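Please read this briefing with the sequence and the structure side by side. The points are grouped by topic so that each residue can be found and followed in turn.

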Amino acid sequence: MSFGIYDATIPVYKQGLATLLHLLDKAEEHANANSIDVHELINGKLAPDMFDFKQQIQIACDMAKGGAMRLSGQEVPSHADTETTVAELRARIQKVLAIINSVTVEQFANAEARDIKMVFPSITFEFKGPRFVTYWSLPNFFFHVTTAYNILRHQGVAIGKPDFLGQ
């Protein structure tokens, strides 16, 4: 059995999304134990010019579903970034997990040769599958999962490396 792009991405996205669900649990536990509004935590930032915790989750979700869909040759579903509560963030993660769980190994058959084009207002990126995974999808996914973790840690939530790495 060979190790392919599916193996390098789908299980990683799933684990990272599970980490985000766990971080939401930890945020709620911390808020309840310290009699603070959980919205203070999910609206928290590391710096004034950075996205807040909830936006980090939204972008991590977008990176995971975008990676899975683009690499399997499918259209990326759009989700509005309207979540403002822990329950809504959990629902967003669960929706993305359902999308990722629907992707099969067979759909990744041509991922190595697949052309992936990312068009933004000021720049366009063009990748083949492997470069998309290693230079765009996974680095961005980890950046936003890690930043979400760091925002909670910065706000005093008792989390450590095992909370990030998961099972």
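Predicted model: local features only at pLDDT ≥ 70, side-chain atom pairs only at ≥ 80, totals over all residues.

Does D7 count as buried, partly exposed or exposed? At 28% relative accessibility, D7 counts as partly exposed, because this value falls between the limits of 20% for buried and 50% for exposed.

**D7 and its surroundings**

- D7 belongs to helix 1, which covers residues 5-33, and the side chain of D7 reaches the backbone nitrogen of G4 at 2.8 Å.
- Along the chain D7 and A113 are 106 residues apart, while their C-alpha atoms are separated by 16 Å.

**Helix 3**

- Helix 3 runs over residues 53-71 and has 19 residues, which should span 27 Å at 1.5 Å a residue, and the end C-alpha atoms agree with this because they are 27 Å apart.
- After helix 3 comes G73, a residue whose phi is positive, near 75°.

**H79 in its loop**

- H79 is placed in the loop between helix 3 and helix 4, the latter being residues 86-101, and with a relative accessibility of 15% H79 counts as buried, because the limit is 20%.
- The side chains of H79 and K65 are joined by a polar contact of 2.6 Å.
- When neighbours within four places in sequence are left aside, the residues in contact with H79 are K65, R92, K95, V96 and I99.

**Aromatic rings**

- A pair of aromatic rings is described by two quantities, the distance of the centres and the angle of the planes.
- The count of aromatic pairs in this model comes to 10.
- In one of these pairs, F120 and W136 have ring centres 5.8 Å apart and planes at 40°, so the pair is tilted.
- This pair links distant parts of the chain, since F120 is in the loop between strand 1 (115-119) and strand 2 (124-128), whereas W136 is in helix 5 (residues 129-154), 16 residues apart.
- F120 counts as partly exposed at 33% relative accessibility, whereas W136, at 16%, counts as buried.
- The rings of Y149 and F164 have centres 5.9 Å apart and planes at 80°, so this pair is edge-to-face.
- Y149 in helix 5 and F164 in helix 6 (residues 161-165) are 15 residues apart, and their pair also links distant parts of the chain.
- Y149 counts as buried, with a relative accessibility of 11%.
- One aromatic cluster is formed by F120, F125, F127, F132 and W136.
- A charged side chain also meets a ring here, as R131 lies over the face of Y135 at 3.8 Å from the ring centre.

**The nonpolar core**

- In soluble globular proteins, nonpolar side chains tend to be buried together.
- The largest nonpolar core of this model has 49 residues, and those with the most contacts inside it are Y13, L17, L20, F53, L71 and I93.
- At least two residues of this core come from each of helix 1, helix 2 (38-42), helix 3, helix 4, strand 1 and helix 5, and helix 1 gives the most, with 11 residues.
- L17 touches C61, A64, I93, V96, L97, I100 and F141, when residues up to four places away in sequence are not counted.

Key: Residues numbered from 1 in each chain as written. Heavy atoms only, no water. Helix = DSSP H or I, 4+ residues; strand = E, 2+ residues; numbered from the N terminus. Buried < 20%, exposed > 50% of the residue type's maximum accessible area, 1.4 Å probe, protein only. Polar contact = N/O pair within 3.5 Å; in protein donor to acceptor, adjacent residues only side chain to side chain. Expected span 1.5 Å × (residues − 1). Phe/Tyr/Trp six-rings, centres within 6.5 Å; stacked < 30°, edge-to-face > 60°. Lys NZ or Arg CZ within 6 Å of the ring centre and 35° of its normal. Contact = heavy atoms within 4.5 Å. Core = buried A, V, L, I, M, F, W, Y, C linked by side-chain atoms within 4.5 Å.
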